[in-house]
Amino acid sequence: MFDIKLLRENIETVRKGLKAKNNQVDLEGLLNLDKRRRELLVELDSLRTKKNEANDVISSLLKEKKDPQKKIATMKDIAEQIDGIEPQVKELEEKINDILIGVPNLPHSSVPIGGKEKNKVVREWGQPQKFDFKPKTHIELAEALDIIDFKRAAKISGSNFVLYKREGALLERALYNFMLDVHTREHGYTEIFPPFLVNTSAMTGTGQLPKMKDDMYYLSEDDLYLIPTAEVPVTNIYRDEILPEEDLPIYHTAYTACFRREAGSYGKETKGLVRVHQFDKVELVKFVKPETSYDELEKLVSNAEEVLKRLGLCYRVVLLASADLSFAAAKCFDIEAHSAGLDKWLEVSSCSNFEDFQARRASIRFKGKETKKPVFAHTLNGSGVALARTLIAILENYQTPQGEVLIPEVLQPYMGGRKKISRKAT
RNA sequence: GGAGAGGUGGCUGAGUGGUUGAAAGCGGCGGUCUUGAAAACCGUUAUGGAUCGUGAGGUCCAUCUAGAGUUCGAAUCUCUACCUCUCCGCCA
């Protein structure tokens, strides 16, 4: 949510930014609603002043044991006038808020304007894995090695759910433990283990609601949503709070399962682990001072990259163009790992600076000696990294001609010293 | 799930219909004192909005979990939701 004052003062900036995000909201209409609201508010406030004055007179009359009836009649009259205006103001406020809450964030000036075709690869690390045999896909490997059972997952839950078993389950666990260790021990993040179900306010605070409602699992009995990412509970930790300035920056990391309905996305792109309804992810979340947020974004990206480097996975970092940015993001880098079996770049991380967009919605502020008034913090987050697709890359890139999978060295301590996964239980 | 109690400022805690944005204490901040510190004393201490002012700042309005209601007037009365606590039941 952007500040309506920005619209009042600089409608062209907003118009340009929203156009770059392919959003068409009626800014003039919004501005008119705001103008009308302020006019009524002035009227309302002055009536309230009168009411308060009359009330003071009544209470002193009562103290002096005099008859207040005449003044009560006046106050009654004012109260009626207030009742006439108040609902109008409220209605306008709701209208304005309903519009604002559905307007995306504006892109940062360093973001290329345009759609996907304007996305820019900013760097690559490593070389796509080449084999002198025809590499198998992760699906073939996992089924042959008996470490993932897609059929039974479908029996239990439905299509695009995953059942990891044996070394598959162990590898999953090894991965998120490894990632959490790197981020907490070396990158300065504090570990969080949040609830996986959150309420409407939390979802609205980070910007999933109202736009993404259909993409989320919702429990109507309890009015709760399953989190699509740890970003939601972790960012909302400080909702409606004013933090001491010296607490910033705050870095949090969290492992959670993530739940996505992925409505209407069935097709060949969704085979295997590429797009599933439930996956594991280690998330990085930052709360920082505004002037530092773009430096913090670069650091965040490199923290995520570090994980892929240590896993020995070739990847590239992509700067997203304006129309490809998510609703709440001002700037975003995707990290894509190359997977040899599918021969594809798979998005395993998405690192965004939301500037004060989420902080404004969720009211996350900080205050210090210099800042007399509370200031909205900047929030950032990124996957560090998402597991299902990383697992694809590991299985496909570390496969052997025999159909076995070597375990990346950094994960071996997390897997009881195992060096490879083969058909026989090891 | 059943029964009960409760939600007031950073915290503790007064306040049961009329100058209560809210006593008091604690904490925080500034100052006096001190070689320094402590103690003591003095002062200060929320958030949002509208409006005036180049600015510092001023004025007004709102806010005692949230929403609805009663009333000329609500922190105070009524209803609903949410949350917390206690007991019982159930349970990993």
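**Figure 1. Packing of helices α3 and α4 in the predicted model.** The crossing in which α3 passes α4 is left-handed. By class, 20 nonpolar, four polar and eleven charged residues make up the contact of α3 with α4.

**Figure 2. Surroundings of RNA strand B.** RNA strand B is surrounded by 20 residues, and the closest of these are Arg-48, Thr-49, Ser-59, Met-75 and Lys-76. Sorted by class, the surface near RNA strand B holds eight nonpolar, five polar and seven charged residues.

**Figure 3. Domain arrangement of chain A.** The domain assignment divides chain A into domain 1, covering residues 4–100, and domain 2, covering residues 116–421. A distance of 44 Å separates the C-alpha centres of domain 1 and domain 2.

**Figure 4. Contact of helix α7 with helix α12.** Two packed helices are described by the angle between their axes and the distance between the axes. For α7 (residues 167–186) and α12 (residues 387–397), the angle is about 115 degrees and the axes are 11 Å apart. Helix α7 is therefore roughly perpendicular to α12. The crossing of the pair α7 and α12 is right-handed. On the α7 side, Leu-171, Glu-172, Leu-175 and Tyr-176 take part in the contact, and they meet Leu-387, Thr-390 and Leu-391 of α12. Five nonpolar residues, one polar residue and one charged residue form the contact of α7 with α12.

**Figure 5. Contact of helix α5 with helix α12.** Helix α5 (residues 138–145) packs with α12 at an angle of about 75 degrees, and their axes lie 9 Å apart. This angle makes α5 roughly perpendicular to α12. From α5, the residues His-138, Leu-141 and Ala-142 meet Ile-392, Leu-395 and Glu-396 in α12. The class composition of the contact of α5 with α12 is four nonpolar, one polar and one charged.

Figure 6. Most residues other than glycine have a negative phi, and most peptide bonds are trans. Asp-146, a residue other than glycine, has a positive phi near 60 degrees. The position of Asp-146 is in the loop between α5 and α6 (150–156). Leu-209 and Pro-210 are joined by a cis peptide bond, with omega about 5 degrees. Pro-210 belongs to the loop that lies between α8 (200–206) and β4 (218–219). A cis peptide bond also links Gly-384 to Val-385, where omega is about 0 degrees. Val-385 is located in strand β14, which spans residues 378–386.

Conventions:
Residues are numbered from 1 along each chain as its sequence is written. Chains are lettered from A and ligands numbered from 1 in the order in which they are written. This is a predicted model: local features need pLDDT of at least 70, side-chain atom pairs count only at pLDDT 80 or more; totals for chains, interfaces and linings use all residues. Domain bounds come from an automatic or database domain assignment. A residue is near a molecule or strand if its C-beta atom, placed from the backbone, lies within 6 Å of it. Ala, Val, Leu, Ile, Met, Phe, Trp, Tyr, Cys and Pro count as nonpolar, Asp, Glu, Lys and Arg as charged, and the others, Gly among them, as polar. Axes are lines fitted to C-alpha atoms, for helices over the stretch in contact, and angles run from 0 to 180 degrees between N-to-C directions. Helices (H or I, at least four residues) and strands (E, at least two) are DSSP runs, numbered from the N terminus. Angles under 35 degrees count as roughly parallel, over 145 as roughly antiparallel, 65 to 115 as roughly perpendicular and the rest as oblique. A crossing is left-handed if the near helix is turned anticlockwise from the far one by less than a right angle, and right-handed if clockwise. Two residues are in contact if their C-beta atoms, placed from the backbone, lie within 7 Å.
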